[in-house]
Amino acid sequence: MSSTELRRTALDALHRSLGATMTDFAGWDMPLRYGSERDEHNAVRTKAGLFDLSHMGEITVTGPQASRFLDHALVGNIGTVKTGRARYTMICREDGGILDDLIVYRLDDTEDGSPRYLVVANASNAQVVLDALVERSAGFDAEVRDDRDAYALLAVQGPESSGILQSLTDTDLEGLKYYAGQPGTVAGVPALVARTGYTGEDGFELFVKPEHAVELWQALTKAGEGAGLVPCGLSCRDTLRLEAGMPLYGNELSASLTPFDAGFGRVVKFEKEGDFVGRAALAEAAARAERTPPRTLVGLVAEGRRVPRAGYAVVAGGEVIGEVTSGAPSPTLGRPIAMAYVDGAYAEPGTAGVGVDIRGSHEPYEVVALPFYKRQK
C-alpha cells in the first residue's frame with residue numbers, strides 16, 4: 001500500500017453499496033453520511049444507529065507485569081480495573097501533555113494466569129500510542145501487540161440498541177454495566193460485547209474479527225428493521241458527541257494541554273503505587289491549576305443561526321477571552337452549539353456579554369454547563 005492510499009475497513013464495499021459519502025479520516029476511507037446527517041443523528045437520539053468504527057486502534061497488552069506496566073505508562077490506576085470492566089484514561093508525555101485519551105478493557109486472563117488488556121486508541125493517534133507503549137514497556141515483563149488488523153469494530157447506539165442487540169445474543173445485556181465488556185456471541189459471531197460509546201446514548205461496541213464484520217452488520221440491520229435502526233456516519237457521530245460534551249482529540253485535547261488544563265484532572269491518579277510517565281509535570285500542573293485556574297471548557301449556545309467552528313475567537317467587551325474547540329448545528333437543541341476554552345471569569349453558566357467572532361461579526365452566545373444533552377435514564 002502506498003503512503004497516500006487510504007486504508008479501508010472490512011465493511012468498505014457495504015458502505016458504498018448503501019450509497020455512503022466517504023471521507024478521509026486519519027488515513028482511513030470512512031463513511032461520512034449515508035443520507036441526511038440530521039436524520040442519522042435523530043435516529044440515535046430516539047431509536048438506534050449503526051456505526052463502523054473499525055478505524056480505531058486496538059493494542060493488546062499481556063504478561064505477568066501487564067498491570068504494573070500500564071500503571072507506569074498511563075495516568076490512570078489500571079491495576080484496579082476488574083476483569084470484564086473498562087476505564088477511561090489518558091496517556092501523557094513526560095511534560096504532561098496529552099498524547100491521547102483511551103479506553104482500557106480488562107479482558108480474561110491468559111492461559112498462564114497473566115492479565116490481558118485491550119487498549120483502544122483514537123485512529124489519528126494509534127501509531128503514536130503504540131510506539132509510546134512499546135518504548136515504555138522496556139524493563140517490564142509485558143508484551144505490547146499491535147492488533148489493529150485483528151479487529152473490526154461496530155457500534156449500535158441509541159435507546160433501542162439494547163433490545164436490538166439482545167435479540168441476537170445470549171449475553172445478558174441487562175446485567176452488563178456501563179463501561180463493562182465481556183466475550184459473547186452475536187448473531188453466531190464471537191465478539192467482545194462492550195457497553196461503551198461516544199454518543200451520549202446507551203449503546204454497545206462490538207469487537208469482532210474483520211471477516212465477520214459484514215455478516216454482523218447485516219444481522220444487526222435486519223434485527224433493527226422494526227426499531228428504526230439506520231446506518232450512521234462520522235458526521236453525526238461528531239454532533240452526537242458534541243451535544244454530550246465528550247472531548248475529541250485534536251479539538252478539546254492535545255499535546256499542548258495537560259489533563260488539568262483540559263478539565264480532566266480527575267483521570268490522573270497520583271495515589272497509585274510506583275512512578276508513572278509525566279507524574280512530576282502533572283503534579284506541577286495540578287498545583288498550578290489550584291493557584292491560577294486555567295481556561296475552562298464550557299458550552300456555548302447561539303442566540304442566532306451562524307455556526308461557530310474550531311479556532312474561532314470567543315470575545316467579551318472587545319477582548320478575546322477564549323477559543324472555540326468544536327462547533328456545529330445541534331439537531332437536538334435546534335441551534336448552533338460549541339465547546340470552547342474561556343477565561344475563568346466568563347465560565348459561569350449564564351455569563352452575559354459573551355460572543356464568538358464569526359468572520360469579523362461578534363455573534364451573541366449563551367454560556368451553559370456541559371453537556372448540552374443528557375439522556376433520561
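**Note on a helix pair and a sheet**

1. The model is predicted: local features need pLDDT of at least 70, side-chain atom pairs count only at pLDDT 80 or more, and totals for chains, interfaces and linings use all residues. Residues are numbered from 1 along each chain as its sequence is written, and side-chain values use heavy atoms, with hydrogens and water left out.

2. The axes of α2 (residues 37-46) and α7 (residues 234-243) cross at roughly 50° and come within 8 Å. Axes are lines fitted to C-alpha atoms, for helices over the stretch in contact; angles run from 0 to 180 degrees between N-to-C directions. Helices are DSSP runs (H or I, at least four residues), as are strands (E, at least two), numbered from the N terminus.

3. On the α2 side, Glu37, Glu40, His41, Val44 and Arg45 make the contact (heavy atoms within 4.5 Å). Their partners in α7 are Ser235, Cys236, Thr239, Leu240 and Glu243. The contact residues comprise 4 charged, 3 polar and 3 nonpolar. Asp, Glu, Lys and Arg count as charged; Ala, Val, Leu, Ile, Met, Phe, Trp, Tyr, Cys and Pro as nonpolar; the others, Gly among them, as polar.

4. Elsewhere, an open sheet of 6 strands runs β11-β12-β13-β10-β4-β14, with mixed pairing (at least two DSSP bridges between two strands). β11 (181-186) and β14 (229-231) are the edge strands, each pairing on one side only. Twist averages 25° from one strand to the next.

5. β12 (residues 189-194) pairs with β13 (residues 203-208) in the antiparallel sense, over 3 bridges. Val193 stands opposite Leu206 in β13.
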